Amino acid sequence: MQAKGFHTTLSTRIPLHARHEYASCNLFVLHELPADIIVDSFELDDHGFCFQFVGNTNLELPTSGVANESGWLLVAVKPETDLVVVDVPLHVRYGVPREGHDSSSRHPATSSNMFLACTSSCALQALSCRPCLDYKSLHNALPFQSPKFHLLNSSVQFEILQLTTSSPLSFDIPVGNINHTLYIELCTVTVTLLAFVYIVHQCWTMSQNPLFRTPQMQ
């Protein structure tokens, strides 16, 4: 999948069979996101997500102002339907202007990891022929750069879901053309001067209106 523009939604669909057997489990989705991608914690709160984000939380910084480090988003959901859908709103930082006609920058995003966390080890063993993992084994099975999350209870048992995506996800981010910098600066200066002249003219016009004159001015 290819996302275009500065605002998009990362949608993860997870089919579950015999979901009633997962009553004691939580479903976790772990996304690794490029440094160019913004996750707004307040927006996720408004969506009612139980989540933890590890990464740069300054929403105002452009791409040039952040380190080239991934952001990690862990979302916890209850498997209440046969098809669990997790829609995460994402936003893109302003990129560094480039030279040429191709005014876009494409950034691949790594695949997501999904796993179940159950309070009882026998719950997982009854649901799958794959062995369940303890907390340490789960962390070793995830990408080695991933941080530790306080959302994960070290006393429960885990099972990683082996799901595949139809196509890799990439972000097509619009960026400015560095050859247009001079024109943009000239237009900015011109508009600023015109706005200043307009304000001065309006102030002078109002000062000539008798309704706005003070007794001393009259």
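Analyst: What follows starts with that sheet and then turns to its surroundings.

This is a predicted model. Confidence comes first. The protein chain averages a pLDDT of 76, and 75% of the residues score at least 70. Helix H4 has the highest confidence, with a mean of 91. Helix H2 (residues 121-127) has the lowest, with a mean of 50. Where pLDDT is low, the predicted coordinates should not be read in detail.

Now the sheet. Five strands line up in the order S5-S6-S3-S9-S10. The sheet is open, and its pairing is antiparallel. Which strands stand at the edges? They are S5 (50-54) and S10 (157-161). Each has a single partner strand, so one side of each is left without a neighbour in the sheet. From one strand to the next, the twist averages 20°.

Take the pairing of S3 and S6 next. Strand S3 covers residues 25-33, and strand S6 covers residues 71-77. Seven bridges join them in the antiparallel sense.

Strand S9 (residues 113-118) runs antiparallel to S10, and five bridges join the two. Here Phe115 stands opposite Ile160 in S10.

Is S10 mostly covered or mostly open? S10 is mostly covered, with five of its five residues buried. The cut-off for buried is under 20% relative accessible area. In a regular strand the side chains alternate between the two faces of the sheet. In S10, Gln157, Glu159 and Leu161 point one way. Phe158 and Ile160 point the other way. Both sets are buried. Thus S10 is an edge strand with a single partner strand, yet its five residues are buried.

Three strands form it, in the order S2-S7-S4. That sheet is also open, with antiparallel pairing. S2 (7-15) and S4 (37-38) are its edge strands, each with a single partner strand. S2 pairs with S7 (residues 83-92) over nine bridges, in the antiparallel sense. Thr12 has Val86 in S7 as its bridge partner.

Last, a look at the surface. Phe196 lies in helix H4 (residues 181-207). Phe196 is exposed, because its relative accessible area is 55% and the cut-off for exposed is over 50%. Phe196, Val197 and Val200 form a nonpolar surface patch. Together they have about 300 Å² of accessible area.

Notes: Residues are numbered from 1 along each chain as its sequence is written. This is a predicted model: local features need pLDDT of at least 70, side-chain atom pairs count only at pLDDT 80 or more; totals for chains, interfaces and linings use all residues. Side-chain values use heavy atoms; hydrogens and water are left out. Two strands pair if DSSP finds at least two bridges between them. Helices (H or I, at least four residues) and strands (E, at least two) are DSSP runs, numbered from the N terminus. Axes are lines fitted to C-alpha atoms, for helices over the stretch in contact, and angles run from 0 to 180 degrees between N-to-C directions. Patches are made of residues with over 30% relative accessible area and no salt bridge: like charges are joined within 9 Å, nonpolar side chains (Val, Leu, Ile, Met, Phe, Trp, Tyr) within 5 Å. Accessible areas come from the Shrake-Rupley method with a 1.4 Å probe; for residues, only the protein chains shown count as cover. A salt bridge is a side-chain nitrogen of Lys or Arg within 4 Å of a carboxyl oxygen of Asp or Glu. Buried means under 20% relative accessible area, exposed over 50%, partly exposed in between (1.4 Å probe, protein chains only). pLDDT is the predictor's confidence in each residue, from 0 to 100.
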